[in-house]
Amino acid sequence: MNFTKFNLFLTAVLVIIMYFMVPFYNEWLFGKIINTNNSIIDQAQNLDVQFRRQYRFGGTYITLMDMKRFLEKHNAKGVKLLLPNNDYLRAINVPEFDMPEPAVFYYFTGINAVWANSPDVESANWVILITKKTDIRIMQVKSKPQLDSLITIYKKFIK
């Protein structure tokens, strides 16, 4: 009886080991669970919500919060921001930054955002301009022709 239980135990351990040898599950195990950068001690010492968000979401979150602070500093009210998509960013050689989709942008910042192919893109009154490397600018759209030219540029890179 004990021999059968031992064999079943070894079989279960072997199945679990083989499961985590699959590259997808192995990546998940070492990226999310056994992550040395994701220390529970660090998180227990810093209970601030903003710290935890920065810790978890990294540079993209910090950049989005900087954009929010910029708009607040300029007393922007009723902002609808036109976002470039990631294909545009790759085309101008900005591989280290991913622009989130408008829903995620709103979740992080509370600011309405649209892509160039959104139905209400014509109501965008601010735009994010990203040029070579990491030059990120936020500008107010002053005229309809200016908005139309930006939409045309961004639409070229939407699949």
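Select F108: is F108 buried or exposed? F108 has a relative accessible area of 12%, so it is buried (under 20% is buried, over 50% exposed, in between partly exposed, with a 1.4 Å probe and protein chains only).

Before going on, note that this is a predicted model, in which local features need pLDDT of at least 70, side-chain atom pairs count only at pLDDT 80 or more, and totals for chains, interfaces and linings use all residues. Residues are numbered from 1 along each chain as its sequence is written, and side-chain values use heavy atoms, with hydrogens and water left out.

**The rings**

A search of the whole structure gives 10 aromatic pairs (Phe, Tyr or Trp rings, the six-membered one for Trp, with centres within 6.5 Å; planes under 30 degrees apart are stacked, over 60 edge-to-face, the rest tilted). F57 is partly exposed at 34% relative accessibility, whereas Y61 is buried at 1%. F57 also forms a tilted pair with F108, at 4.9 Å centre to centre and 55 degrees between the planes.

Next, select Y19, F20, F24, Y25 and W28, which ring pairs link into a cluster.

**The core**

Finally, select M67, L81, L82, M99, F105, I128 and I130. These have the most contacts inside the largest nonpolar core, which has 34 residues (buried Ala, Val, Leu, Ile, Met, Phe, Trp, Tyr and Cys joined through side-chain atoms within 4.5 Å).
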